[in-house]
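Trainee: I'd like to learn how to read salt bridges in a protein model. Could you walk me through some?

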Amino acid sequence: MDEIQTIPDRDFVGNVEQATNNKDEKKIPIWEKLTLTIDEAVAYSGIGKNKLRELTGKPFCPFVLHNGTKRLVKRKEFEKYLSAQKSI
C-alpha cells in the first residue's frame with residue numbers, strides 16, 4: 001500500500017499567520033471592553049496591581065470574573081464600585 005502524505009494547505013497556513021499578525025490591528029479600546037485584565041484595569045484606573053489583586057481576591061468581589069485561574073475585571077461594575085468608594 002502507498003502511504004498518503006499530507007501536505008499543509010498553503011492558503012490555510014497563510015491565513016493563520018495573517019490572522020495572528022493582524023491581531024494587533026483589531027485591538028478594542030479599553031473603555032469599550034466588557035472585561036479587563038488586571039494589567040488593563042491598572043492602566044484604566046491608576047490603582048496599583050497589588051491593590052487590584054487584593055480587591056479581586058476577596059470573596060464576593062462584585063466586579064471580578066474568574067475564567068479558570070485568570071481574573072478578569074468587569075469594567076462597568078468596577079466603575080460603579082470605584083464611584084461608591086471614598087477610599088481604597
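Trainee: How many residues apart are K51 and E54 in helix 3, and about how many helical turns separate them?

Mentor: Good place to begin, and keep in mind that this is a predicted model. To call a salt bridge, look for a side-chain nitrogen of Lys or Arg within 4 Å of a carboxyl oxygen of Asp or Glu. K51 and E54 form such a pair, with their closest N and O atoms 3.4 Å apart. They are three residues apart in helix 3, so about one helical turn separates them.

Trainee: How many salt bridges does a search of the whole structure find?

Mentor: The search finds four. One of them joins K49 to D39, where the closest N and O atoms are 3.0 Å apart. This pair links distant parts of the chain: K49 belongs to helix 3 and D39 to helix 2, ten residues apart. K49 is partly exposed at 37% relative accessibility, and D39 is partly exposed at 47%.

Trainee: Which residue forms a salt bridge with R75?

Mentor: That is E79, and the closest N and O atoms of the pair are 3.2 Å apart. Both residues lie in helix 4, four residues apart, or about one turn of the helix.

Trainee: Is R75 buried or exposed?

Mentor: Buried means under 20% relative accessible area. R75 has 8%, so R75 is buried.

Terms used. Residues numbered from 1 in each chain as written. Predicted model: local features only at pLDDT ≥ 70, side-chain atom pairs only at ≥ 80, totals over all residues. Heavy atoms only, no water. Helix = DSSP H or I, 4+ residues; strand = E, 2+ residues; numbered from the N terminus. Buried < 20%, exposed > 50% of the residue type's maximum accessible area, 1.4 Å probe, protein only.
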